[in-house]
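Please read this note with the model open.

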Amino acid sequence: LTFRRQNGPYREILLLISHLGFIQHGRRIADSASAGICKVTRSAEGRYEFVLPAAIANHGAVEDDVNDHFSKETACVRNEFMQQAEGRNLQRVVNELHDENVFIYREHFMGYDADPLLDEYYFQIAWSDLRSEPGFDSFNELREFGGITYLKYTLGAAFIISLCLKHEAFCQRMVKKHPEIRMEDILTISADRAGLIASIREALNLVGRKFLHYTTTTEEQAEQIYEIISITPRNADLLDGAFPALPCIIEFANGGVVKCLAGRYRQMEFLLGALRRAYPREYDAHQQLREGSFQTAVEGLLESSFPDLEMRRNIRLRKEGRELTDVDLAVIDLQQGHLLLIQLKFQDVTRGDFRVEASRMGRFRDESVRWLDTVSLWLSSTDEQTLRSTFRIPRGMRINRIRKLILARHHAWSLRSVSLDDDTVFASWNQLINAVQLMEQRQGDFRTLNGLHAILRTYM
């Protein structure tokens, strides 16, 4: 719809939204008190007072900066392509298709015709963006939830995001083609639920052919995917909490849906939450398998970046016949005589939910400290022969130094509050990748685990 905005109704809507926002902000403040970010007291009159500290430290700032760096690098690759002759030609064709296909229908309706090139163009952007989102690699694409592979759910989410991207682009082109229409006067009206589900099925069977493990999506599967990637009256409890993820599609009545363009920024987060809610047993079971994939990824990174390494997985540390703990990955530097003991943590993403973040990061810190203490105690009370046999150290190699690394898939910043010895570091997966890349830039081919430890310790 392209009705001219009227101040009266518009003001009432904004007032209603501000009231709802005030309530939601109150919930956020209450959660911040629960997480220890601020303090709350209650006076004799029953009045609650929230006291904020003079400064609030963002302990995850370093990790966020590294994540932003990789996101910008991905965007730069795309922008560089669009600056080349092939990219400029593609952009010209896309702009022409926008102009040709957008139109005004019966004075107040905006419409745009479909075009396969535009569909492919925006799906590729959406798929690239989704793959860069935290949590995308939570599961192998062949893991099934309710009989449907994780690949199909992510493809469905990418398709919905592509619809939002395409809609925004057509809106921008329309206001240039028809300057009498203002951007703020464009309102999204409802679409047909059944039609959207049919579109999901058609889109997945079209783009899915490019994926090795894709199988044909049925009508029943398309509807099941829709139920996971959309917010509906049947899963509205996903919006509970002070900072819920809102998806791109909102079903407000039987047969009617609307697109929420801002939902694309947290569609991946919503998808994971919806899968956990709908299939808790499968979700938990697949979570148990992530550590093996994480081990493989870490091994691949280190072996391709450092010479003469040997890896040992899942080493159990025992004392007097009793198992104390295990080491997820032990890395032996044959040249330098270094032994690196790694504890892996593949936790779910927490984005802005103070209560959940405080709980998960507190648990991460406590578990990591227990592991470090146990390993340190074992090392201090174990003779060299037992050490060598436990980690299967090659004969003739001398162990010059033993170091420890807590490596988290997403966040490790809660260990900043812990006093660690000089031989211990922590990092997120992206921080580890970034550290290796820094070594390659600064040192070329001469790289050691000792140097990696120094960089991680500098930036942790």
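The points below cover the basis of the model, a helix pair and a pocket.

1. The model is predicted: local features need pLDDT of at least 70, side-chain atom pairs count only at pLDDT 80 or more, and totals for chains, interfaces and linings use all residues. Residues are numbered from 1 along each chain as its sequence is written, and side-chain values use heavy atoms, with hydrogens and water left out.

2. Helix H2 (residues 61-83) and helix H13 (residues 429-443) cross at roughly 65°, their axes coming within 9 Å. Helices are DSSP runs of at least four residues, numbered from the N terminus; axes are lines fitted to C-alpha atoms over the stretch in contact, with angles from 0 to 180 degrees between N-to-C directions. H2 and H13 are therefore roughly perpendicular to each other (65 to 115 degrees).

3. The contact (heavy atoms within 4.5 Å) is made by Val62, Glu63, Val66, Asn67, His69 and Phe70 of H2 and by Asn430, Gln431, Ile433, Asn434 and Gln437 of H13.

4. The largest pocket holds about 1,200 Å³ of space. A pocket is an open set of points on a 1 Å grid over the protein atoms alone, where a 1.4 Å probe fits, with protein on both sides within 12 Å along at least five of seven lines; lining residues have an atom within 4 Å of a point. Volume is the space filled by probe spheres set on the points, which are joined across faces, edges and corners.

5. Of the 42 residues lining the largest pocket, Glu63, Asp64, Asn67, Thr350 and His411 lie nearest its centre. H2 supplies the largest share of this lining, 8 residues; H2, helix H11 (354-380) and H13 each supply at least two.

Terms used: Angles under 35 degrees count as roughly parallel, over 145 as roughly antiparallel, 65 to 115 as roughly perpendicular and the rest as oblique.
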